[in-house]
Amino acid sequence: MLKTILSQNNSITIHTLVDLIHECYKTMQKIIKILFLLIFVLFSIIFMLKINPNNYELGQDSAVFLYTANEMIEGGAPYIDSWDHKGPFIYFLNELAILIHPSTLWGLFYLLTFLLASSILFLFWILSKDIPLTAISAGFLIFLLTENKVLYGNRTELFTSFFLMISIALFLIGKKKKKPLPFGFIGVLFAIVFLMRPNNTIYWVVLLISLLIECFQNKKITKNIIFFTFGAIVPIAVSLIYLVQKKALSDFFEQFFHYNFFYSSGTHNPFLMGISLCNNLTNSFGIPLLIIIFSGFILSAFLLEEIKVDTIDNSEIFSCYKILAISFPIELLFSSLSGRENPYYLGILPVYFMMIIIFVINYLIGKWRKHLHIGIFSSSVMLFCFILLFGATTQNQLNIIKDNWSKIYNLSFFKQTYISPETKFIIENSDQNDTILVWGAAAQYYVTSGRKSPTRYTYMFPLTQCDFVTKEMWQEFVSGVKERKPKLILETSNYGLPTGEKPYYIGCEHVEDSIEEFLTYISENYELKSLESPHIKTVYSLIE
């Protein structure tokens, strides 16, 4: 009897010990997972230092958005008080940035950093429930490497990539839990992205088509598409009501739809579009990275059926990747529509690159799971390697921390804003209430100097694109300049004033009289002022 009792006690003790070890192991795995996610967020914040306002001046596009947002805060309206062809949600976001930090450009930096960190945390938390941290870490490194190439001066359009990450996470939640509510939020994000940069909406369009196919297969309208549709209607309705109240609806359609169609149809030659896309991709990301990414994409395309079988227990993973795989080549095509080779046109692609690598490595790990044992020790080694690789990919950001550590520590770093010599010149040679005219595409001088444009045209593209510009546009421009008399007229180095004999611009003969009137007004009322600058060719100062 005594031996039996002792034997039972030993058995209970061994089972208790095994359970305890198992619980400790699970706890350590959770700690490793949380540590990974926290490091991802920390690295995202460090990564964004590349475009902090203390070291870098605002870019042209973001300057237009901030200028427009300032006009809106002061009671003006987009499209009426500031001409631009982007959607209204870009200006709403910039309004929010100004409200976050009104006196400097740090508000936009904080908003961008928050969106990146929160979208990374949200997506990776959802992915980590079904995908190993090894695959997620590799995908995140690819994201950093590629996003680092296209991250320029606080461009609000890059926010679309963060909204894509949030939408992917919501899709996985909605599919896994079989709940329609996440699809409502996806619809909201679809509308927001459409009202920012329409050619970045490919993922959402493909998702919408898949939901319609689902309705056809089920022979009924599903809750998912109902929620998606109502979600999309909300931001569009809010924007249209706002524009109607501001009497800016017709200007919105003219600039957002008409001009964007004209702008996107710059080249219809498929060969030239292909050359432009290839040049932009190789110049932006480099051939080695592209080989890795496209090899992964091609491999996954050939193995799609196998991936479907391997993810049968997590069908939402396969559904998500199928939508991304269809969207990716179309997104590449749409990024080349303008025929121009600007790296920030590719701002949404790093999310696709990241997800391709994550899904391919997840598939390979599944195949080799018997030979790969990813335990606590191997996870710790992987985390250490990940930190080293992160340091190698973000050397510039780490140098910023190193060079400004004392300022960062006492927070003075976040109270300073870089001011260019050109901005200092404008501030010193004009008063706060004066207007200035920047001829070209350098709207940052309006924002950083706090000076307004005499007209709604803060950049000259619409006035010099002869197939688009009208007599009324030029007459409006010349009248505004004469009425508000800008204190300074700055001619940018890469976009000179029309000079010489007629025609000033080939194809612009229908507006030549207004161009001549503008040039005559400058010659009769302005004198040359000296400024040594690689960005400003000539400065004209109003004769008092």
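Predicted model: local features only at pLDDT ≥ 70, side-chain atom pairs only at ≥ 80, totals over all residues.
## Ground rules

Local features need pLDDT of at least 70 and side-chain atom pairs 80 or more, while totals for chains, interfaces and linings use all residues. Numbering starts from 1 along each chain as its sequence is written, and side-chain values use heavy atoms, with hydrogens and water left out.

## α2 against α3

Helices here are DSSP runs (H or I, at least four residues), numbered from the N terminus. Helix α2 (residues 60–73) packs on helix α3 (residues 88–100) at about 75°, with the axes 8 Å apart. Axes are lines fitted to C-alpha atoms over the stretch in contact, with angles from 0 to 180 degrees between N-to-C directions. The two are therefore roughly perpendicular (65 to 115 degrees).

On the α2 side, the contacts (heavy atoms within 4.5 Å) include F65, L66 and M72, and on the α3 side they include Y91, F92 and I98.

## A greasy patch outside

L181, F185, I221, I226, F227, F230 and I233 make a nonpolar surface patch with about 710 Å² of accessible area together (Shrake-Rupley, 1.4 Å probe). Patch members have over 30% relative accessible area and no salt bridge, with nonpolar side chains joined within 5 Å. Helix α9 (223–245) gives the most, four residues, while F185 sits in α7.

K452 is in the α20–α21 loop and E74 in the α2–α3 loop, so the pair ties together parts 378 residues apart in sequence.

Methods. Parallel < 35°, antiparallel > 145°, perpendicular 65-115°, else oblique. Patch = residues over 30% accessible without salt bridge, like charges linked within 9 Å, V, L, I, M, F, W, Y side chains within 5 Å. Salt bridge = Lys/Arg side-chain N within 4 Å of Asp/Glu carboxyl O.
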